[in-house]
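Let's take a friendly walk through a protein model, stopping at a few places along the chain. Have a look at the picture first, then read on.

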Amino acid sequence: MDHFRQISTFVEVVARGSLSAAARAEGIAPAMIGRRLDALESRLGVKLLQRTTRKLALTDEGAAFLEDCQRILAELEEAESAVSERSARASGHLLVSAPAGFGRQHVAPLLPSFLAEHREVSVNLNLSDRLVDVVGEGVDVAIRIASLEDSNLVGVKLADNHRVVVAAPAYLKRHGTPQTLEDLARHNCLAISSAGSQRGWTFREHGKAVTLKVGGNMVCNDGTVLHAWALEGRGLAWRSMWEVGADIEAGRLLPVLEQYAAPGNDIHAVFAQRRHLPLRIRVFVDFLRRAYSQPDYWRNKSAI
């Protein structure tokens, strides 16, 4: 307890600029503040502050120690806040944004269970494939399947995301199974389009990422349609495991070219950067993370 009091006193003195100001804030005599600092410096064996009757100045050792102390005290405050929140009940309204396909399959079906656990919370689920402005649109939590580049947002990883090339068994029986990336040129590839242009398929070959423009007679800007076409045996499709895992498990689709699979963009929950996150956001993000971490969740989840 004495060690903690010495550290907090040191931080308070630096913040307020004098021993007397720190003493007034705590309601004790300045001499008591001075004794705590003396004891701290004696215990550490270094001089932290140069003290005169007019001013205080941090030594080099004191400046480095101050950063560590501020971090430790901030983490302690966060830990205490988290413990207090666990004993409280989440309440209020949540505005949640998610990509349309992912949200239909892996957010909407989980909401009834979440709301059964947290009866004082209500949720508005907004499904859209556009990149929403989290701050400007007042979104509490946005689910994103992408690398996070916006430093103004906090991201929490919910799950890994892998992309695979898949095809129906009937298609592979008719056209054969591709063994190399060059073989894709001889197959009907069901590509997704964006803003009128085809998105390439990304693989890893010889340790490097390679993006290929594939060819086929059917292109669509909706991933759900590509998924359906693949199930019908129309061609190869490059899809995320969250979408086709259950089909692979059931044998409706077969993965190919797995040796070339590139790391996918992970699934994140993002929210505006805040020091004290509302409990309703915290419990919702934790709920999703627990659900997605269940063994075989992605392979057993039925498509909607």
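Which residues are buried in H9? They are Met-241, Trp-242, Glu-243, Val-244, Gly-245, Ala-246, Asp-247 and Ile-248. Here, buried means under 20% relative accessible area, exposed means over 50%, and partly exposed lies in between, using a 1.4 Å probe and protein chains only. Helix H9 covers residues 241–250 and is mostly covered, with eight of its ten residues buried. Just after H9 comes Gly-251, which takes a positive phi of about 85 degrees. Helices (H or I, at least four residues) and strands (E, at least two) are DSSP runs, numbered from the N terminus.

Before going further, note that this is a predicted model, in which local features need pLDDT of at least 70, side-chain atom pairs count only at pLDDT 80 or more, and totals for chains, interfaces and linings use all residues. Residues are numbered from 1 along each chain as its sequence is written, and side-chain values use heavy atoms, with hydrogens and water left out.

**Two packed helices**

Helix H1 (residues 2–16) packs against helix H2 (residues 19–26) at an angle of about 115 degrees, and their axes are 8 Å apart. The axes are lines fitted to C-alpha atoms, for helices over the stretch in contact, and angles run from 0 to 180 degrees between N-to-C directions. From H1, the contact uses Thr-9, Glu-12, Val-13 and Arg-16, while H2 brings Leu-19, Ala-21, Ala-22, Ala-25 and Glu-26. Contact means heavy atoms within 4.5 Å.

**A space inside**

The count comes to one cavity of 30 Å³ or more. A cavity is a set of points, on a 1 Å grid over the protein atoms alone, where a 1.4 Å probe fits but cannot get out; lining residues have an atom within 4 Å of a point. The largest cavity has a volume of about 70 Å³, the volume being the space filled by probe spheres set on the points. Its lining includes Trp-238, Leu-257 and Glu-258. Strand E7 gives the most to this lining, with three residues.

The table shows the strands that each supply at least two residues of the lining.

| Strand | Residues |
|---|---|
| E7 | 163–167 |
| E10 | 201–205 |

**A loop residue**

Ser-293 sits in the loop between helix H10 (279–292) and helix H11 (297–300). Ser-293 counts as exposed because its relative accessible area is 52%. Between Ser-293 and Val-225 there are 68 residues in sequence and 28 Å in space, C-alpha to C-alpha.

Key. 1 Å grid on protein atoms, 1.4 Å probe; cavity = no way out; pocket = protein on both sides within 12 Å on 5 of 7 lines; lining within 4 Å.
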